[in-house]
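I set out to record what I looked up in this structure, entry by entry.

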Amino acid sequence: MSVNPMAYEAQFFGFTPQTCMLRIYIAFQDYLFETMLVVESVILKKVAGFPNCKISPFQVRKSTEKFLLFMKEHFDKLFSKMEEVLLQLVLNIPANVLLPEDKVHEQFSYSKEQFQALQDEISQLQQQYRAEASAGQALRAELEEQKVVRAELEKIVQWFDGLENICREHGTSNLKESFVFLTENSKKLQDVLKDVEEKSKKIKKQDQLL
């Protein structure tokens with residue numbers, strides 16, 4: 001059997017020429033075996049019709065096998081020549097023939113260097129796409145974060161608006177003046193608290209001395 005893969009022929013026929021030849025070989029071989037069995041059965045019937053014949057069925061089988069081996073050797077030689085002719089002249093696509101589905105390669109032919117350049121360009125485009133996709137994902141994450149910050153800022157603005165309304169209700173229209181007022185009162189409260197703590201410590205010391 002031929003060792004040439006004949007891939008282009010397989011693309012056209014839908015099967016490899018070697019597979020075709022193998023099936024033909026098996027079919028011929030099976031037919032030869034069946035023919036020998038028929039011949040053997042006919043000889044056995046003929047021998048059985050002569051009671052004085054000294055040929056036994058075993059001898060008939062042995063002779064049949066010997067003849068089958070002879071036929072198979074000659075068949076293999078003939079088939080080898082037939083296979084060579086069929087693979088070269090019948091199941092072979094010449095090198096100058098282009099299949100219809102491959103006509104595009106004839107119109108847009110590329111050298112090895114041009115093909116490599118295209119591969120490099122594709123690789124660069126893929127890297128750019130990944131970088132842009134990553135940047136887009138980062139921008140979307142930043143937008144989500146900005147939405148959260150904006151919501152917090154809106155809460156703070158609402159809180160200041162509420163605080164300003166409270167200040168107005170208590171007669172203070174300026175928010176800055178209100179903060180100054182609250183700061184001063186806070187310091188006064190802290191001073192009072194310190195004074196109370198110091199007096200409490202003195203009282204405790206006096207109680208301990210008594």
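I looked up Lys-147 and found it exposed, at 55% relative accessibility. I note that the model is predicted.

I then searched for the partner of Lys-147: its side chain meets that of Glu-144 in a salt bridge, 3.8 Å from N to O. Glu-144 is partly exposed, at 46% relative accessibility. I placed both residues in helix 5 (residues 112–169), three residues apart, about one turn of the helix. In an α-helix, residues three or four places apart point the same way, because there are 3.6 residues a turn.

I next took up Arg-150, which forms a salt bridge with Glu-154 through their side chains (3.7 Å, N to O). The two are four residues apart in helix 5, so about one helical turn separates them. Arg-150 is exposed at 58%, whereas Glu-154 is partly exposed at 42%.

I also recorded the salt bridge between the side chains of Lys-155 and Glu-152 (3.8 Å, N to O). Lys-155 is exposed at 52%; Glu-152 is partly exposed at 41%. My count of salt bridges came to five.

Val-85 belongs to helix 3 (residues 57–90) and is partly exposed, with a relative accessible area of 44%.

Finally, I listed the buried residues of helix 3, among them Leu-68, Phe-75 and Phe-79. The buried residues of this helix pack against helix 2 (17–48).

Definitions and conventions
Residues are numbered from 1 along each chain as its sequence is written. This is a predicted model: local features need pLDDT of at least 70, side-chain atom pairs count only at pLDDT 80 or more; totals for chains, interfaces and linings use all residues. Side-chain values use heavy atoms; hydrogens and water are left out. Buried means under 20% relative accessible area, exposed over 50%, partly exposed in between (1.4 Å probe, protein chains only). Contact means heavy atoms within 4.5 Å. A salt bridge is a side-chain nitrogen of Lys or Arg within 4 Å of a carboxyl oxygen of Asp or Glu.
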